Amino acid sequence: MSSHPVPGPPTPRPPGVPSPADVAPPGEGDAAVDAALADLDAADPADLDAVLSSAESVLATLQHRLRDIGD
């Protein structure tokens, strides 16, 4: 016999409290950075290659934008 508890129904949220999935992350105000972060957020966490590729894209985008600051 399993000792793991069986999950019950989800606990209802109080009225007016959005679920985490309903709350969009704030934008950075830079279209390129926001797009790279959105791609990372959309990457399937089970697909490590997709997550790594998206994270590398975020890093490259941030590095590029930071180089632009000095110009």
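Two residues are said to be in contact when heavy atoms of each lie within 4.5 Å. Leaving aside neighbours within four places in sequence, Ala32 is in contact with Thr61 and Arg65. The structure shown here is a predicted model, in which local features need pLDDT of at least 70 and side-chain atom pairs count only at pLDDT 80 or more, while totals for chains, interfaces and linings use all residues. Residues are numbered from 1 along each chain as its sequence is written, and side-chain values use heavy atoms, with hydrogens and water left out.

The account begins with helix H2. Helices are DSSP runs of H or I with at least four residues, numbered from the N terminus. H2 covers residues 48-69, 22 residues in total, and spans 32 Å from its first C-alpha to its last. This is close to the 32 Å expected at 1.5 Å a residue, where the expected span is 1.5 Å times one less than the number of residues.

Which residues of H2 are buried? They include Ser54, Val58 and Thr61; buried means under 20% relative accessible area, exposed means over 50%, and partly exposed lies in between, as found with a 1.4 Å probe on protein chains only. Seen down the axis of H2, the buried residues fall within an arc of 70°, so they line one face of the helix. The arc is that of the directions from the helix axis to the C-beta atoms. The face of H2 turned away from the buried side carries the exposed residues Leu48, Asp49, Leu66 and Arg67. Leu59, also in H2, is partly exposed, with a relative accessible area of 48%.

What covers the buried residues of H2 includes helix H1, residues 31-42. Two packed helices are described by the angle between their axes and the distance between the axes. H1 and H2 pack at an angle of about 165°, with their axes 8 Å apart. That makes H1 roughly antiparallel to H2, a term for angles over 145 degrees. The axes are lines fitted to C-alpha atoms over the stretch in contact, and the angles run from 0 to 180 degrees between N-to-C directions. H1 passes H2 in a left-handed crossing, in which the near helix is turned anticlockwise from the far one by less than a right angle.

Ala36 lies in H1 and is buried, with a relative accessible area of 5%. Not counting residues up to four places away in sequence, Ala36 touches Ser57, Val58 and Thr61. Ala36 and Ala55 are 19 residues apart along the chain, and their C-alpha atoms are separated by 8.3 Å. Between Leu59 and Ala36, 23 residues apart in sequence, the C-alpha to C-alpha distance is 8.8 Å.

Ala32, likewise found in H1, is partly exposed, at 35% relative accessible area. The C-alpha atoms of Ala32 and Thr61 are separated by 7.0 Å, although the residues are 29 apart along the chain. Apart from neighbours within four places in sequence, Ser54 is in contact with Asp39, Leu40 and Ala43.

Conventions. Helix = DSSP H or I, 4+ residues; strand = E, 2+ residues; numbered from the N terminus. Parallel < 35°, antiparallel > 145°, perpendicular 65-115°, else oblique.
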